[in-house]
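This briefing is meant for someone meeting the structure below for the first time. Please look through the sequence and the model before reading the points that come after them.

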Amino acid sequence: MLRRLAAAASSVALLLTIAASTVAAGGPPSLGFYVDDVRYRTVGTPTDFTNTGAPSFTYDKIYNLGTGINVADAKPGDRDFNGGRWAVYLVHWAQGQTPIQYTNDGQILAAADAGILTIDSTPVKLFFCNVAIVPPSWSR
C-alpha cells in the first residue's frame, strides 16, 4: 500500500513539475530526444549545473548527434534514471561519414567502436529538463 501511495505521489509531483516548467519555459513540450528507440518530448529550462560540483554519476547522458534529434541513455522508469539531470556530449562524425539519426545509445556506442564517430570525453552542458513520452498521435 505504501509503495502505491508513494508511486501516486511521485506521479502527481512529476505532472505538477511538468506543468510548472511549461509555464516557466514559456511553451509546450517539444521533441527533445530518443531513448531506447522511443521519442520523448522535453520542456527546456534555464538551469545550468556547470560548476556545481555534482558527481558525474548524478547525470544521464545525452548525445548531440548534430542531426536534429539527440539520443539519451536513460528515461523515466529506468532504474538508473537521474530525474531529468542531463550531461550533453558532442558527437563528431568521422571524415567522409554522413550523419544519420540514431535512436538508442547502443547504436551510438557501436558506431564509436567501429570508428564511424567519436564522442567527447567531457560534457558541453549540464542541465535539468523534464521529459515525457511522445504519444502516438504526436508522432506524425
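The model is a predicted one. In the largest nonpolar core, which has 17 residues, L65, Y102, I108 and L117 touch the most other members.

- Leaving out residues up to four places away in sequence, N104 touches D36, D37 and V71.
- T103 belongs to the loop between strand 5 and helix 2 as well, and at 18% relative accessibility T103 counts as buried.
- The side chain of T103 is joined to that of D37 by a polar contact of 2.5 Å, and when residues up to four places away in sequence are not counted, T103 touches Y34, V35, D36, D37 and V71.
- G96 is also located in the loop between strand 5 and helix 2, but with a relative accessibility of 74% G96 counts as exposed.
- Although G96 and I116 are 20 residues apart along the chain, a distance of 9.2 Å separates their C-alpha atoms.

**Helix 2 and its surroundings**

- At the start of helix 2, a side-chain oxygen of N104 comes to within 3.0 Å of the backbone nitrogen of G106, while the backbone nitrogen of Q107 lies 2.9 Å from a polar atom of the N104 side chain.
- Within helix 2, the residues D105, I108 and A111 are buried, and because they cover an arc of only 120° around the axis, they are on the same side of helix 2.
- The cover over the buried residues of helix 2 includes strand 3 (60-64), strand 4 (70-72) and strand 6 (117-119).
- After helix 2 comes G115, which has a positive phi, near 80°.

**The nonpolar cores**

- Of the 17 residues that make up the largest nonpolar core, those that touch the most other members are L65, Y102, I108 and L117, and at least two residues of this core are supplied by each of strand 5, helix 2 and strand 7 (125-133).
- Strand 5 provides the largest share of this core, namely four residues.
- Y102 is in contact with Y34, L65, V71, W93, Q107, I108, A111, I116 and L117, if its neighbours within four places in sequence are left aside.
- There is also a second, separate core of 10 residues, with F33, W86, F127 and C129 among them.

**Aromatic rings and a charge over them**

- Five aromatic pairs are found when the whole structure is searched, and ring pairs join F33, Y40, F81 and W86 into a cluster.
- Two of these cluster residues, F33 and W86, are also included in the second core.
- The charged end of R85 sits over the ring of F49, at 4.7 Å from the centre of that ring, and R85 also lies over the face of Y59, where the ring centre is 4.5 Å away.

Technical notes. Residues numbered from 1 in each chain as written. Predicted model: local features only at pLDDT ≥ 70, side-chain atom pairs only at ≥ 80, totals over all residues. Heavy atoms only, no water. Polar contact = N/O pair within 3.5 Å; in protein donor to acceptor, adjacent residues only side chain to side chain. Contact = heavy atoms within 4.5 Å. Phe/Tyr/Trp six-rings, centres within 6.5 Å; stacked < 30°, edge-to-face > 60°. Lys NZ or Arg CZ within 6 Å of the ring centre and 35° of its normal. Core = buried A, V, L, I, M, F, W, Y, C linked by side-chain atoms within 4.5 Å. Buried < 20%, exposed > 50% of the residue type's maximum accessible area, 1.4 Å probe, protein only. Arc of directions from axis to C-beta.
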